[in-house]
Structures are given as C-alpha cells and as structure tokens.
Amino acid sequence: MSTATLFVDSNKVSEEVLEHLKKAGVKLKSYEAILSDVERLAEKGAKLWLDSSSVNAAIVSVFRSGCDRYMRKRGKTGRQIGKEASSDDPTTKKRGVQNMELNGLYKASPVTLAKSVKNEAEIRGMKNSHLRDAAALAEFWCWIEEEVHNNVALTEVQVAENLLGFRRKQDGFIETSFDTISGYGANGAIIHYNPTPDSCSSVGSDNLFLLDSGAQYVDGTTDITRTVHFGEPSPRHKECFTRVLQGHIALDQAVFPERTPGFVLDVLARSSLWKIGLDYRHGTGHGVGAALNVHEGPQSISYRYGNLTALQKGMIVSNEPGYYEDDSFGIRIENLLLVKEVNLANSFGGISYLGFEKLTFVPIQAIKEKKDCFICLYLDRSADNIEKYKMAKKAANRVVSEARCQAYEDLYQRLGMKEGERDIYKMAKIRERKTRDIGQVKCVKDEAANSCEGRGD
Ligand SMILES: [Mn+2]
C-alpha cells in the first residue's frame, strides 16, 4: 500500500501537518466525503476493515448497500445470487448481511492499537509533563490545606479554578484534559460530578474531598484523582479509603505475563473492597493518549470482560479504583501507569512478564493509623516490607521522641506552679519513686535557671 486517504475536517490540519502528510503519500478529503467513497468502493467489491467498537451506523449502512449492489452485479454476470426480490423481503435483508460479512473485516482498528503503544519520544514527553503537573498539584494541595485550616470558604468551582491557575504556571500547559471533578462530601459520590458556580458546595474539613483533574501539555496528557480529608475522618471513611488504596497498590504492583488482557487485572483493584461487600460501578483503568485524548482505546482494565486487547509494553493506562457511598462521600485514587517489561529470575513459557511504572508523582494522603499500617507490614514479612517497616518505625520513633522532648520542656516550664508539681508527682508515682523526684527536678531547675531563691530552705 503506497497511498492513503484521510477524511478529516481541514480546519484541524495545520500547514506543517499538511506538508508532512503529503510527503508521506496521504491524501486529504473532507469528512463528509467518506460515505460516498465507502459506497463506491463497496460497489466495486473492495474489502473494508470496520472496528465494531467505534464505526458509526451511517458507514455500516452505505457499506451494506454497496456490497448488495456488487453481489447483484456479480449475479447478473453469471454467479449464483438467486432471483431478484423486493427490498422488504426478509431473505434479501439476510443476504445483505451475508454480503457485508463477505467483504468486511470486523476487528479492532490497527490504527488505534499502533497509537496506544507509545514510542520513546511520547514516553519521554509523558514523563516530563507528569513531573511538571505534579509540581503544580503539590503547590495546589499545600495552598488548599492552608486555606481550609484557616476557615476560608472555597467552593468546589473556586477550587477547580485555582487548580487551573497552578497548572497554567507550568511550561507547555495548553488546557485541562477534561472538566475538573471537584466534589466535597456527598458530591464526591457522583462519579461524573460537574459543579456549577451557583449551586456547588464549599470545601470543608468534616468530610472527604475528591478531586479528579488533568491537563494537556505540549508533550503529554495527565489525569489524576486524589481524595483527602482536612479534618478527622470517621472510622467508615478510614476503612473505605484504606481498602480503595489497597486495591490501587495491588494493581500498581501487579506483574503479569504478556498477552494478558486488562480485564484479568481488574479483580486486583476490587478484591479488598469485595471482602467487606463493597464495589464500584466503573472500570478501573482506561488508555490515555500522549498529548491526545485523555480516554483512548483499545485497551482497558475493566470488569467488562468483552475487551480482549492484551496490555503491551509502551501502553499507558489509568489505575483508578474508588468507592462511592450515596449521599455521603466518594473516594477515588488515580495514577497513570506505563506498561513495561520486568526482569524476573524466571520466564515460564519463554515469554515476557510485564508490570507498571508510575507516571504520576503526587503524594497520596497518609494513613493516620500508623499502628495498623505497621501490623500490615510486619505480618507480611517479605524483605521489602521489613525494610519499609523499619523505616516507618524509625520515623514514628523520631516523632514520638520529639513530642516527648516537647512535653518535658513544657513540664519544666511549669515546675514553679502547683500543676507542674502535681504532674511530676503523678509521673513519679507511676515509676514508684514517690515524691523524691520533685525535689531532684526542682534542684536541677534552680541550678539551670540560676534562680537561687529558697535554695537555703
Ligand atoms: Mn481517568
């Protein structure tokens, strides 16, 4: 094949692109011309590749009538086609479908598949744009946390506008990649929530806040969701958030053989929720274009098991499990992942094994229950986890010892007062050393503070 025709709205093609396509032997035609061209080709008996997931009814209809005419012509020149019948005759209709099947190939488009596997330049652009996007988001989350803690009333729409402001400061920013979903409390439970300025809620610190947003940069496309709580989450919030996060991590860490379709991995993101009878009514992951559509086929990670497209090295997918409690709150945690080959000690079946590399670099709000987290890490004693457990424990010990120092310092300052003495007395009693401690501490204080009043007593 040396030539191709692209049916496209000519307004969308710049001079530069036009020149490039011409050199590559691609002819441009108006979008409307596709119907008559398909019909004309079908009449000549040409074969047509139709992607049944995206082809429109108009194309199918002209293709069918073109095929019918071709077969009738062939019938007249001697091949078996039977006697002519009226077009209402059901046997004619059936024959029409058969004719279509004869010259049509019904498979996913090879164009979308080639597009979904990113080349080196696209991967580099996606990585770079994600780093700049992460910088904007980190600034944004820092800003909003302070605003909410200072009781500044911000509506969901104002939050989305401010987020746009932080992104605009980044190099190569073009526009948002979809309308920002900014949902506080019950609004977070509406999966495709779109806040309006006059009816939306303010973001506060009594409930969860879900923010799903993305941007188009010259070199890449982003799509990220974070759910945060600016106050004290309820036990229900904690449990659901933890399970969504466990699902997110399970998919993030997945390693799977090549030729695995995305739906096989979907269970990883849901099983933690399933264990307590919860679930979510949307897919776990979609393909993402490189500086293109934020939703791109043909691959997906979904409970709908009809999509048999295998995940391939170089594809990009989102990882976005969630949980939505109607009229109450919504949780979703979303990163974008690049499918990559992983080096393992074995390669059973002589095939490659694939995994994911994170593109999104924005922190996920920490789990407050450190203890639970420790237990989790400690119970699963893989080398990797033990290392993480030690690090987490070290960090926790540091925080505790800092807090303790502060507490001793406070106590020391209050020693001259009755409450201070009472506290020391209590501490001494716990340590069963009676009140002897009070005298000792007082003596230390006197020397250090160099206040000698009453020393002679
Ligand atoms: Mn997404």
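## Exercises on a predicted model

In this chain, 64% of the contacts with a separation of 6 or more are between residues 24 or more positions apart. A contact here means that two C-beta atoms, placed from the backbone, lie within 7 Å. The model is predicted: local features need pLDDT of at least 70, side-chain atom pairs count only at pLDDT 80 or more, and totals for chains, interfaces and linings use all residues. Numbering starts from 1 along each chain as its sequence is written.

### Exercise 1: the whole chain

Find the secondary structure content and the buried share of the chain.

Solution. 
- The chain has 13 helices and 20 strands. Both are DSSP runs, numbered from the N terminus: helices are H or I with at least four residues, strands are E with at least two.
- Of the 457 residues, 26% count as buried. Buried means 20 or more other C-beta atoms within 10 Å of the residue's own, with C-beta atoms placed from the backbone.

### Exercise 2: two helices

Describe how α6 meets α7.

Solution. 
- Two packed helices are described by the angle between their axes and the distance between the axes.
- Take the axes of α6 (residues 120–149) and α7 (residues 156–168): they come within 8 Å and cross at roughly 135°. Axes are lines fitted to C-alpha atoms, for helices over the stretch in contact; angles run from 0 to 180 degrees between N-to-C directions.
- α6 and α7 are therefore oblique to each other. Oblique is what remains after roughly parallel (under 35 degrees), roughly antiparallel (over 145) and roughly perpendicular (65 to 115).
- On α6, the contact uses D133, A136, E139, F140 and I144. On α7, V159, N162, L163, F166 and R167 take part.
- These contact residues divide into 6 nonpolar, 1 polar and 3 charged. Nonpolar covers Ala, Val, Leu, Ile, Met, Phe, Trp, Tyr, Cys and Pro; charged covers Asp, Glu, Lys and Arg; the others, Gly among them, are polar.

How values were computed: Buried ≥ 20, exposed ≤ 12 C-beta atoms within 10 Å, placed from the backbone.
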